[in-house]
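The following exercises are to be worked through with the sequence and the model at hand. Each task is followed by a solution in steps.

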Amino acid sequence: MAFAKPIATLRSATGVPVGRLAMWWLLASEIVIFGGLLMSYIMHRIGHPEWAAEAAHTNTVAGAINTVVLLSSSLSAVLAHQAAQMGNGKRAARFLWITIGGAATFLVVKSFEWTHEIHEGFVLTRSGFWSFYYCAAGLHALHVIAGSIAMGFVAVDAAKGRELQRVEYAGIYWHFVDVVWIFLFPLLYIAK
Amino acid sequence: MSNAAPTATAPHAHEPGHAPDGHSHDHHDHHAPQSFFQKYLFSTDHKMIAQQYMWTGVAMALIGGFLAYAFRMQLAFPDKWIPGYGYMSSLEYNTAVTNHGTIMIFWFAMPVLIAAFGNLLIPLMIGCDDMVFPRINRLSYQIFLLSAIILISSFFVKGGGFNGAWTAYPPLSANAEYNMAGTGSTLWVLAVALEFVAFLLGGINFITTAMSARAPGMRLWDMPLVVWMIVIASILFMASVGPLIAGAVMLLFDQNFGTFFFNPERGGDPVLWQHLFWFFGHPEVYVVLLPAMGMSGDIIAVFSRKKIFAYKTLLYTVFATGIISFFVWAHHQFIAGIDPRMANIFTVTTLIISVPIAEMCFLFIATLYGGSIRLTVPMLWALSFVAEFLLGGVTGIFLGASGADIYFHDTYFVIAHFHYTFVPIAVIGFFMGFTFWFPKMYGKMLNETLGKIHFWITILGFNMIFIPLFFTGMWGDHRRIYNYSHFPELHRVALQDLRIVATVGLLIMISAQAIFLFNVIKTFRAKQENPGPNPWHSNTLDWSAPSPPPHGNFAELPTVFRGPYEYSHPERESDFWPQNEPPPGSST
Amino acid sequence: MTSHAPAAAVDGAHAHEGEHIHPPIYYVKIWGVLLALLTVSIIGPMIGIKILTLMTAFGIAVVKAYLVCSKFMHLNIEKKFVIYFLTIALCLMAIFYFGVAPDVMKHDGANWRNVGAQAEVARGLERAKHPEEHGEHGHSEHGAKPAGEH
């Protein structure tokens, strides 16, 4: 069904394009979702000194690899945005696919990491630390999956030169996912 | 911009009585004749989505009302056969109470006040043709509908619906061994989470639309109160719901995967859930209050034919309310084991938040003062909203003081208090908005006499339910008891009589809704002349669109020249001055 | 538009309004800085000083997040009100923390004690001291039924 955008979508009294504005509000709500979970985690982590022994079993190498992967995928997302700004939809789509490849790599590393940990006996119910570990990283992984699906749609459109402004919005979302991981990494892997 | 913008003194004639959907307007070429499904289920038109939200909400309210009827009958006449329900077990009682609360707040107050009126009013009042993201809007309703279906289906799974109260405190909510409703609890949490997603999507749409799609000439301070308030309510919702979504994930894990986020025996903390819940739960009160407050403000201004008193001050008090509402949540937990020093802080903030709310009421009264008041049905609802909500607010002071709360907590006093806030918000708010914007939505006028009869009986019934409950609460009636005859100290004739009075009040209130339905159906079926775009002689832009507004709302998108409340301007002949009417000296 | 030198682009990032298309090298440089910071935060714990670990871990996380937000998300050239409401969302989390921490983070206070949590801390510390006494696999199976434990 052909869909014509209403005039409302084309107005911009704030000076920020509506799509980007909505994305910022979405991120504000995401901040409080992750914030609620991470604040709960931090409180428990400080209140439970015995979790240090549990946290020692997390795999810093896997976490570091994943950080590199996510930072690099952020780079390709911003390069996609740069290409879209230049009006080069094909190049933007290529960079978006690279970003999605980064997301896939992230998930593969994560699944190997988790398989190993579960095999070692560090399951969800082992202690509060592991519950939070799987809960927070899992919620983040869900965002990685959602973001890559969204970027897939944007990339298909961008390759045809349509809706290039969405490349930026998808990128902003992706950088947010990256920022969440930037905080999850020290919280779960480094502070032991 | 030409003078074609209608000045409602001359209700323009180009809309014949029953133009059902305004097919004559064609500046949106995608508006081809649609099949039933396209029109009613997959429409992206904000007005249709508003209707969907409204009638889904009303249908859910009927279910919630039926549950209330069932458990009130059980309380008044313990263990007797309840007409239309049967015998009620203690477990069923808990399920009924839990789902009554959940449905009335999340599936009636939220969809009707924010989603329905937000969808209907925001594009109309800021003078644009639709929401900025129509398809996200449609998705929001579809997710909402899915959540409603999941909630209803949770009644019919093995073990019955969730019964851990609408606040879902663990460990009762987290462990099927305690609440005996494994699948039901999971479905309940899932439904609530989906519903939040739906309102997040809707809220982003409302905020973005009001921020960026206003008509040319409309500044932020030219937006009508109800638009402001729905936007602020959406922001509050969005900023507060996150921790609860995180909490819902944790609760789902506790229920299904055996984690112990909220299990104190393994290092979890049940108080954490209460914090996560009420960090959302208290702003939520203001999320539903503000749209109703905004509607009553608009209606009071229209029917007093006066500028709203201190429009900007009113909005500043709303901002203050919004900010302070994030500092009061723990007053729900005074006896839950929070640190007494924190209880002191939260007592003070709670008492402070009554100041801006009281100021709003004063400003409405000041608007009335010296106005030429017209007691139409919407005005009656608006006035009763302020009066009844005031009672709810005043009794809240007792509960907000941590000392008094130790006695009142979990008694019927609390129930009476929050029903004096939520019933005005949800029920009175709905009737207020519905009767006021009915001509706009359907191009017909409701019967005033029937409306007034309905109003008075509903208000009588409502007060008859909850005034007695203040007294039983002060006497010590605990909330979550399904049969008081098991408790000798509460099983007294005087108390039981009060409980029966409350139940009779509920029966009166519910039966009064038959008058309302009769009125609506009669109006729908009657052949009636279209009252024109502006039957109430209101200033805001929604009344310059034809009734009902066609797809795309306005024949020509309006330009705004002044604020929304220019009533009884001394230099004008008519006592109102629509926002889109060009100033007398303008050349174009 | 795209031919200005990268150094000028870095300097002028917040200066130009209409024209903020940086060449790819600008973003690659920032990415390089981010990776360098990551290396520092990984090396931090190896020194073994707890305060230093926390500082490298979280201080660098904040710096990295700042870089990503301002340079990749372009918050440095975004309208101010966007930054305000994102900051407000962060502040709300601080409020949440300070409102909840006295009850949840601490295990005792004025006239109260969280007996369950204190016992769990003691148990956990004991377990950490003698890891071999509690078979890890055995414990995880046990933990799967928390309600059955007591």
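**Conventions and Exercise 1: the fold of chain C**

From its N terminus on, chain C has the element order α-α-α-α-β-β-α-α. This is a predicted model, in which local features need pLDDT of at least 70 and side-chain atom pairs count only at pLDDT 80 or more, while totals for chains, interfaces and linings use all residues. Residues are numbered from 1 along each chain as its sequence is written, chains are lettered from A and ligands numbered from 1 in the order in which they are written, and side-chain values use heavy atoms, with hydrogens and water left out.

Task. State how many helices and strands chain C has, and describe its burial and surface.

Solution. Step 1: chain C has six helices and two strands, helices being DSSP runs of H or I with at least four residues and strands runs of E with at least two, numbered from the N terminus. Step 2: of the 150 residues in chain C, 39% are buried, that is, under 20% relative accessible area with a 1.4 Å probe, protein chains only. Step 3: carbon and sulfur atoms hold 68% of the accessible surface of chain C, which is about 8,100 Å².

**Exercise 1: a helix pair between chains**

Task. Determine how helix 2 of chain A packs on helix 7 of chain B.

Solution. Step 1: helix 2 (residues 18-47) of chain A and helix 7 (residues 225-257) of chain B have axes 8 Å apart, at an angle of about 40 degrees. Step 3: the contact (heavy atoms within 4.5 Å) involves, among others, W25(A), G36(A) and S40(A) of helix 2 of chain A and M238(B), G242(B) and P243(B) of helix 7 of chain B. Step 4: the residues of this contact comprise eleven nonpolar, four polar and no charged.

Conventions: Axes fitted to C-alpha atoms, helices over the stretch in contact; angles between N-to-C directions. Nonpolar A, V, L, I, M, F, W, Y, C, P; charged D, E, K, R; others polar. Buried < 20%, exposed > 50% of the residue type's maximum accessible area, 1.4 Å probe, protein only. Areas by Shrake-Rupley, 256 points an atom, 1.4 Å probe, with all protein chains shown as cover.
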